[in-house]
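Hello,

Here is the structure I said I would pass on. Please look through it first, then read my notes below.

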Amino acid sequence: MSEHEDLSHDRLKNHFAQRVIHQARQVLEVWQRLQQHEWSGADMAEMSEANIRLLRYAERFGQAEHADLARAIDHSLNAVLANKGRLSSGLISELNLAMQRLSRTGLRHGDQFEQTFLPPLRKPVYLALEDGERAERLAQQMESFGLIAQPLGSADAFHAAMAERHPAAIVMDVDFSGPGRGLALAEAVQQKLEQKLPLLFYSHADTDTPTRLAAVRTGAQEFFTGTLDASTLIERIEILTRVAQYEPYRVLVVDDSRAQATHTERVLNSAGIVTRTLTEPIQALDELAEFQPDLIILDMYMPECSGTELAKVIRQHERYVSVPIIYLSAEDDLDKQLDAMSEGGDDFLTKPIKPRHLIATVRTRATRARNLKARMVRDSLTGLYNHTYTLQLLEDAASRARRDGKPLAFAMLDIDHFKKVNDSYGHPMGDRVIKSLALFLKQRLRKTDYIGRYGGEEFAVVLPDTDAATATRVLDDIRRRFAEIHYPAQPLDLTCTFSCGIAELEDGLDAAALSKRADQALYAAKHGGRNRVEIYQG
Ligand code: GH3
Ligand code: MG
């Protein structure tokens, strides 16, 4: 084969590979849409059709991994059909897992196996900002993170772009093309769409409540003010547009009547919500720790203990103070309902309840609780988990590792001579380094790893299913690459390093002891000269 033919052969192969990727996206898009309402037969048919096409392409173009996933999805969809079109918690979880894997599955290039993420949405993000220069700069930064951004200079350009294709998301300046006109523009566009586009507003000045209200009414998911920080923006867009982020809601149903519980489960499952039932309330606390529900539905009257008593017990645990509790009961005495609500409940639904009403209540409550939790457990500078929550995650991961007989590693990182950075370059530069290490860790670790900001310039990482040697390899690679980052500064660019200590879970070791070992290893790394990774030596 001539070199020319070789090239065109490669290009052809690449072209077909793109077809598979495109079809995978299609499947993921239908899946994402299904998260918003109760599933219908038509939805299932569309899903199934898109998936079959993926299977055919993947088989024809030799993409074994995609073909396997498509087969698994087909299998689950058929199981739903065999179940008289009913979803079950097991099937929802199965489908969700397959979709997450699909969104992460790369392609085989030639013969060498290359694990890459699915390319970013081919759709661009439209940037409609008053300040054209800012928009250009932002677009460049977004591109270096794998997003395609298209700055638009005028309302006409915006309309033209919208007519040509719909973007993955819109970033709109409230004052784009004139004071307050950005708002009107976004509203006009959204009104014409059946499926609203992810919309993020920006205002250079701090804005008043009426403006924010107007933004909310156009379906805005986010409102930024002040300087528009690229990494924050990128992170929000990723969350709004990535399917992989989606986790089905989990609801724990506590009801002594098996029939009633099954009914509740069926209704919730039909909307893609994962459920688990307890008919014996006494087990509730064990189940809570294991299942980690987003919301709890309690029967008011049970023989062993009443719903309100159980709610009180649950609320005594600090970890569960913010999990919404909904009472479900035939009780229609308003006074008794109010009494029950003051005992740690969030809502009261009377039986028989319309399925739509139940689903809507659960969705709104669970969404709000997740948002609230995200604020409570995350550090505001970096968006990483805070100290307390990281320790909780470590505890949960340790008990899972023990149960499944899998290894678990815990790493602690501390930036070297960070005081000097603050002293010589100023505190804002210090903050920038902290934020960039946070983003760096997020990009380079697995989705299943938990990353926390442990203290000022100290970080912690929980690595499930990982032994100390593997964790060391991963973190040492991150250490080397992080040291290569240059932060522009006068008179000299700044570079930073970090030290890291690693410990592995062993029999008889609890989370606190494991964390202490990692800390000791970190101390050894500092003592040994910094800019290195050390494993705990007993
Ligand atoms: P070592 O290599 O031994 O870790 O030296 P170090 O200078 O990094 O350690 P030390 O603990 O003495 O100093 C840490 C400094 O980090 C002190 C504190 O002012 C600074 N710091 C803590 N939190 C923040 C933060 O959020 N932003 C900034 N800019 N600085 C912070
Ligand atoms: Mg330090």
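A polar contact is a pair of N or O atoms within 3.5 Å. By that cut-off, His417 makes one with ligand 1, because a backbone N or O atom of His417 lies 2.8 Å from an oxygen atom of the ligand. Please keep in mind that this is a predicted model.

A polar backbone atom of Phe418 is 2.7 Å from an oxygen atom of the ligand. For Ile415, the distance from a polar backbone atom to an oxygen atom of ligand 1 is 3.1 Å. On its own, ligand 1 exposes 660 Å², and the protein buries 67% of that area.

How many residues surround ligand 1? There are 16. The closest are Phe418, Asp431, Arg453, Lys526 and Arg530. Phe418 is therefore in that list and also within the 3.5 Å cut-off through its backbone.

Now the overall layout. The protein is divided into four parts: domain 1 covers 13–104, domain 2 covers 125–241, domain 3 covers 250–377 and domain 4 covers 387–535.

I also checked how domain 2 meets domain 4. Their centres, taken over C-alpha atoms, are 35 Å apart. The contact takes 4 residues from domain 2 and 4 residues from domain 4. About 310 Å² is buried between domain 2 and domain 4, and carbon and sulfur atoms give 53% of this. On the side of domain 2 that touches domain 4, there are 1 nonpolar, 1 polar and 2 charged residues. Even so, the count of salt bridges between domain 2 and domain 4 is 0.

Regards

Notes: Residues are numbered from 1 along each chain as its sequence is written. Chains are lettered from A and ligands numbered from 1 in the order in which they are written. This is a predicted model: local features need pLDDT of at least 70, side-chain atom pairs count only at pLDDT 80 or more; totals for chains, interfaces and linings use all residues. Side-chain values use heavy atoms; hydrogens and water are left out. Domain bounds come from an automatic or database domain assignment. Contact means heavy atoms within 4.5 Å. Buried area is the accessible area (1.4 Å probe) that two parts lose on being put together, summed over both. A salt bridge is a side-chain nitrogen of Lys or Arg within 4 Å of a carboxyl oxygen of Asp or Glu. Ala, Val, Leu, Ile, Met, Phe, Trp, Tyr, Cys and Pro count as nonpolar, Asp, Glu, Lys and Arg as charged, and the others, Gly among them, as polar. A residue is near a molecule or strand if one of its heavy atoms lies within 4 Å of it. A polar contact is a pair of N or O atoms within 3.5 Å; within protein, one must be able to donate a hydrogen and the other to accept it, and residues adjacent in sequence count only if both atoms are side-chain atoms. Accessible areas come from the Shrake-Rupley method with a 1.4 Å probe; for residues, only the protein chains shown count as cover.
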